[in-house]
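Q: Could you walk me through this model, starting with the sheet and then moving on to the charged side chains and the surface?

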Amino acid sequence: MRDPMNACMDMLMKPELMKEALKLVTESYKHFYNRFYEEGRMAEVGTSSWVAAYSAAKYLTLNSDFICMLSPSQVDEFVIPCLEEECSVVDHAIFHLDGVDAIKHVKSIAAIEKIRAIQWTPSAGIEPNGPYWLDLYRDILATGKGVYISCSCEFARQLHQELKSNKIIYNVGGSRAEVEDLLQWLEKN
C-alpha cells in the first residue's frame, strides 16, 4: 500500500508499526488463501499458481520483489517472518526470486522449511536463464532446495548435464516434438 521509498523509510523510522501492518496483511493473506482453497475445491483437484507448477497438496508460489531494496538484516527481520506465516497454510511452496539484487537473500529464503524450490528470474536486460547462472543454481541446490528454471530445451540439456540433480523443474518452451525429445533424453540421463 506504500510506495517502495516510503516503505523503506517506515522500516527505519517506524519498525514496530511496519511489523504490525505486515502482520495484518499476512493474516489476511492466510484467510484468503484458505477461502480460495475451499471455494475452489482444491482439496479435490489440487493447486497451482502463476508459476507453471501443479501439486495435489496445498501449494503456493511466494514472492517479494521488494527484497531487492533491502539489506539481509531487514529481510530477516521484516520479510522472512511473513513468508514463514504464509507458508503455514500450505504443505509446500516455490519462491520466485526476481533480479540480481535479490540473490543476496537466497540463504534466508532457503531456510524456510516449506519452500521446496526457488524460481530464478534475472532482471530485465540481464543474461537469461541458462549456463550463465550455473553458480547461482549450484548455490540454491547446496541449500537442499530445488531450482525452477524457465529456459529453452537446449539450455535444459546443458544445465542437466552440468548440475546432475533431480531437484530441478524445467519450464521449457519449444515445439511438441522438441519437448517430447527432451523428456525422453531426461529419462535416460
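A: Before the sheet itself, a word on terms: two strands pair if DSSP finds at least two bridges between them, and helices (H or I, at least four residues) and strands (E, at least two) are DSSP runs, numbered from the N terminus. This is a predicted model, in which local features need pLDDT of at least 70 and side-chain atom pairs count only at pLDDT 80 or more, while totals for chains, interfaces and linings use all residues. Residues are numbered from 1 along each chain as its sequence is written, and side-chain values use heavy atoms, with hydrogens and water left out.

Q: Fine, so what is the strand order in the open sheet?
A: The open sheet has five strands in the order 3-4-5-6-7, and the pairing is parallel. Strand 3 and strand 7 (168-173) stand at the edges with a single partner strand each, so one side of each has no neighbour in the sheet. On average, neighbouring strands of this sheet are turned by 25° against each other, direction ignored, where the axes are lines fitted to C-alpha atoms (for helices over the stretch in contact) and angles run from 0 to 180 degrees between N-to-C directions.

Q: How many bridges join strand 3 to strand 4?
A: Five bridges join strand 3 to strand 4 (residues 92-98), and the two run parallel; L62 has F95 in strand 4 as its bridge partner. Together with helix 4, these two strands make a right-handed β-α-β unit, right-handed meaning that, with the strands pointing away from the viewer, the path from the first strand over the helix to the second runs clockwise.

Q: And is strand 3 mostly covered or mostly open?
A: Strand 3 (residues 59-63) is mostly covered, since four of its five residues are buried, where buried means under 20% relative accessible area, exposed over 50% and partly exposed in between (1.4 Å probe, protein chains only).

Q: Which residues does K19 pair with?
A: K19 forms a salt bridge with E16, with the closest N and O atoms 3.8 Å apart, and another with E77 at 2.8 Å, N to O. By contrast, K19 and E16 both lie in helix 2 (residues 15-39), three residues apart, about one turn of the helix.

Q: Which salt bridge does E44 make?
A: The side chain of E44 meets that of R41 in a salt bridge (3.2 Å, N to O); E44 is exposed at 60%, whereas R41 is partly exposed at 49%. As for shared partners, they join E16, K19 and E77 into one network.

Q: Last topic: which residues make the nonpolar surface patch?
A: M5, M9, L12 and M13 make a nonpolar surface patch of about 490 Å². Patches are made of residues with over 30% relative accessible area and no salt bridge, with like charges joined within 9 Å and nonpolar side chains (Val, Leu, Ile, Met, Phe, Trp, Tyr) within 5 Å, and accessible areas come from the Shrake-Rupley method with a 1.4 Å probe, only the protein chains shown counting as cover for residues. M5 lies in helix 1 (residues 4-13) and is exposed, with a relative accessible area of 62%.

Terms used. A salt bridge is a side-chain nitrogen of Lys or Arg within 4 Å of a carboxyl oxygen of Asp or Glu.
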